[in-house]
Amino acid sequence: MKYGIGNWSEKRGNHRAILHVDEAATVVWAHIPWRRRDLQPELKDTIVINTQTGERVMNTSQMCILREFGIIVFEAETAGTYEVYYLPNKRTGDWWFQFTEYSPPANTARPGWLAKLRNGAWRFNTFQAKVVEIQARSEFDRFDPMEVIATFEETCKLTLARPNEPYLLFPEDRKFPIRMTDDLPLRWIENGPSSSFKGTACRNEYYVFQIGLYALQEIEDIKFR
């Protein structure tokens, strides 16, 4: 998946998926592999925007919302690019101490359009939208690479390949701060665990690096030497 930076109002949240639809259709579906670290994503709203008109697509439905991926169904009145904002929120409080409240799912679809979804007739004449890119609103808001979770299958494959190991070590460069404590990042699945680390330091520099420890069994005492 390609990750990048976009430019939009923070009222829609800081993260979106860019989709492309080849032709207009009453029902279009999209499988978005967003790999989210937030819990209970099904309790958060998704906003679909038609970039050709700049308007919100009202006929939408969250068919399946999981942390690893989401399946969104919507009406595409025109062919072209669509934006799916999946963490819309509003902020309250003073500028120096704010609270973020994520918007719950909103039912904006027309009853007649929803009826087509329920009876299943749409499945025989449905187009799939292509996911072009996952974007953050700024460099500061980026989730990649350290907050893009590995799937359950990927994590199991990694651990089952090392059945006799009490833990796995993931040395990491300072450029990629370790931020998650409950999930492995996809980056670690791709790079794999290691017992060594290599980096380049400047003269007279105190070089900082990280070591992520992923326990495969209960560990009571850890010492560094």
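**Note on the predicted chain: helices, strands, a loop and cysteines**

1. Helix 1 (residues 111-119) has W113, L114 and L117 as its buried residues. They cover an arc of only 95 degrees around the axis, which puts them on the same side of helix 1. Here buried means under 20% relative accessible area, exposed means over 50%, and partly exposed is in between (1.4 Å probe, protein chains only). The arc is taken from the directions from the helix axis to the C-beta atoms. Helices (H or I, at least four residues) and strands (E, at least two) are DSSP runs, numbered from the N terminus.

2. On basis and numbering: this is a predicted model, in which local features need pLDDT of at least 70 and side-chain atom pairs count only at pLDDT 80 or more, while totals for chains, interfaces and linings use all residues. Residues are numbered from 1 along each chain as its sequence is written, and side-chain values use heavy atoms, with hydrogens and water left out.

3. The rest of helix 1 can be described briefly. The face turned away from the buried side of helix 1 carries the exposed residues P111, R118 and N119. The cover over the buried residues of helix 1 includes strand 3, strand 6 and strand 7, where contact means heavy atoms within 4.5 Å. After helix 1 comes G120, with a positive phi near 80 degrees.

4. As for the whole chain, there are three helices and 14 strands. The C-alpha trace spans about 65 × 45 × 30 Å along its principal axes. Of the 225 residues, 38% count as buried. Among contacts with a separation of 6 or more, 80% come from residues 24 or more positions apart. The chain exposes about 14400 Å², and carbon and sulfur atoms supply 51% of that area; accessible areas come from the Shrake-Rupley method with a 1.4 Å probe, and for residues only the protein chains shown count as cover.

5. Two strands pair if DSSP finds at least two bridges between them. Five bridges link strand 6 to strand 7 (residues 70-76) in the antiparallel sense. In this pair, T60 of the chain stands opposite F74 in strand 7.

6. Strand 9 (residues 89-94) and strand 10 (residues 97-102) run antiparallel and are joined by six bridges. They form a hairpin with two residues between them. T92 stands opposite F99 in strand 10.

7. Helix 2 (residues 152-160) has T155, L158 and T159 as its buried residues. Seen down the axis of helix 2, these fall within an arc of 90 degrees, so they line one face of the helix. On the other side of helix 2, E153, K157 and L160 are exposed. Among the elements covering the buried residues of helix 2 are strand 13 (167-173), helix 3 (186-191) and strand 14 (209-215).

8. The loop between strand 3 (25-32) and strand 4 (47-50) contains R35. R35 is buried, at a relative accessible area of 16%. Its side chain makes a polar contact of 2.9 Å with the side chain of E154. A polar contact is a pair of N or O atoms within 3.5 Å; within protein, one must be able to donate a hydrogen and the other to accept it, and residues adjacent in sequence count only if both atoms are side-chain atoms. Leaving aside neighbours within four places in sequence, R35 is in contact with residues including Y3, R67, E147, T151, E154 and L186.

9. P33 is found in the loop between strand 3 and strand 4. P33 is partly exposed, with a relative accessible area of 24%. Not counting residues up to four places away in sequence, P33 touches M1, E68, F69 and V131. P33 and C202 are 169 residues apart in sequence and 39 Å apart in space, C-alpha to C-alpha.

10. On cysteines, a disulfide is a pair of cysteine sulfur atoms within 2.5 Å, and by this rule the count comes to zero. The sulfur of C64 has its closest cysteine sulfur in C156, 18 Å away, too far for a bond. C64 is partly exposed, with a relative accessible area of 26%. C156 is also partly exposed, at 24% relative accessibility.
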